[in-house]
Amino acid sequence: MEIQGKAFIVTGGASGLGEGTARMLAAAGGKVVIADMQVEKGEAVAREIGATFVKCDVTQEADGQAVVAKAVSLGKLMGLVNCAGIAPAERTVGKSGPHKFDVFTRTIMVNLVGSFNMIRLAADAMAKNEPEPTGERGCLISTASVAAYDGQIGQAAYSASKGGVVGMTLPIARDLARSGIRNMTIAPGIFGTPMLFGMPKEVQDALAASVPFPSRLGTPEDYAKLAKHIFENDMLNGEVIRLDGAIRLAPK
């Protein structure tokens with residue numbers, strides 16, 4: 001796939017992994033739609049990189065439809081990167097009682113249902129594309145987490161949501177194969193994102209040191225480099241790639 005001149009959607013593109021990916025796509029000549037709930041930040045990033053911002057709650061069908069319509073109006077929609085997500089931490093039973101039900105359901109809705117909502121809507125638009133010389137009509141990338149495999153204490157909701165993203169990767173790829181649309185998932189390890197930077201500095205340093213090699217936090221640029229390769233390598237399909245420096249999470 002040639003990124004130059006094609007349209008791309010990045011959910012959660014106002015910050016973190018999404019922002020890094022939006023910047024990469026814009027630098028490569030893509031026409032980028034940043035879909036995010038953070039209006040001020042999203043508009044600022046869009047202005048800076050020459051992208052378009054659309055306020056979007058990925059759990060809402062109408063919001064997703066508006067984002068896809070905007071992308072299609074800019075050009076041939078060839079890519080979606082799902083980076084919108086939340087990461088609450090709460091034990092199944094804690095000092096104040098059982099895990100809050102609404103926290104669990106909200107996490108599943110945003111991270112899993114929201115990802116699928118955007119996938120189905122973007123794929124529907126991509127299926128109408130004229131195929132590239134390779135036969136490809138588009139590529140979808142979602143974000144899971146190593147917590148899908150090594151969930152820590154307090155991560156039941158988060159791990160369940162990301163495990164769902166992992167679990168739907170292959171069947172979606174098989175569903176969309178006849179349309180020439182690929183579906184991939186990236187499972188990042190410990191990355192320097194706004195969610196992590198909310199933790200105390202000593203916790204951040206300890207997490208970075210726990211990565212076997214390289215012993216540092218991952219960066220949005222690391223994620224964006226892999227996303228770019230996935231878009232450009234049409235043999236990558238139906239798989240989850242761990243991007244984690246060989247870390248395996250301890251219980252806490």
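Q: What percentage of the 252 residues of the protein chain count as buried?
A: A residue is buried when its relative accessible area is under 20%, exposed when over 50%, and partly exposed in between, with a 1.4 Å probe and protein chains only. Of the 252 residues in this chain, 52% count as buried. This is a predicted model, in which local features need pLDDT of at least 70 and side-chain atom pairs count only at pLDDT 80 or more, whereas totals for chains, interfaces and linings use all residues. Residues are numbered from 1 along each chain as its sequence is written, and side-chain values use heavy atoms, with hydrogens and water left out.

Q: How many helices and strands does the protein chain have?
A: Helices (H or I, at least four residues) and strands (E, at least two) are DSSP runs, numbered from the N terminus. The protein chain has 9 helices and 9 strands. Its radius of gyration is 18 Å, close to the 18 Å given by the globule rule for 252 residues, so the chain is as compact as a globular protein of that length. The radius is taken over C-alpha atoms, and the rule is 2.2 Å times the number of residues to the power 0.38. Along the principal axes, the C-alpha atoms fill a box of roughly 55 × 35 × 35 Å.

Q: What share of the contacts with a separation of 6 or more comes from residues 24 or more positions apart?
A: A contact means heavy atoms within 4.5 Å. In the protein chain, residues 24 or more positions apart account for 70% of the contacts with a separation of 6 or more.

Q: Which residues does threonine 11 touch, not counting those up to four places away in sequence?
A: Threonine 11 lies in strand β1 (residues 7-11) and, at 1% relative accessibility, counts as buried. The residues it touches include Gly18, Ala35, Val58, Cys83, Ala84 and Met118.

Q: Where does the side chain of threonine 11 reach a backbone nitrogen?
A: A polar contact is a pair of N or O atoms within 3.5 Å; within protein, one must be able to donate a hydrogen and the other to accept it, and residues adjacent in sequence count only if both atoms are side-chain atoms. The side chain of threonine 11 reaches the backbone nitrogen of cysteine 83 at 3.0 Å. A polar atom of that side chain also lies 3.1 Å from the backbone nitrogen of alanine 84.

Q: Is threonine 107 buried or exposed?
A: Threonine 107, found in helix α4 (residues 101-126), counts as buried at 0% relative accessibility. Leaving aside neighbours within four places in sequence, its contacts include Ile86, Pro88, Ala157 and Tyr158.

Q: Where is glutamate 136, and is it buried or exposed?
A: Glutamate 136 lies in the loop between α4 and β7 (138-143), and at 4% relative accessibility it counts as buried. Beyond its neighbours within four places in sequence, glutamate 136 is in contact with residues including Met1, Arg182 and Asp234.

Q: Which residues does a cis peptide bond join, and what is phi of alanine 246?
A: Most residues other than glycine have a negative phi, and most peptide bonds are trans. Here a cis peptide bond joins phenylalanine 213 and proline 214, with omega about -5°. Proline 214 is found in the loop between α8 (201-209) and α9 (220-232). Alanine 246, in the segment after β9 (240-243), has a positive phi near 70°.
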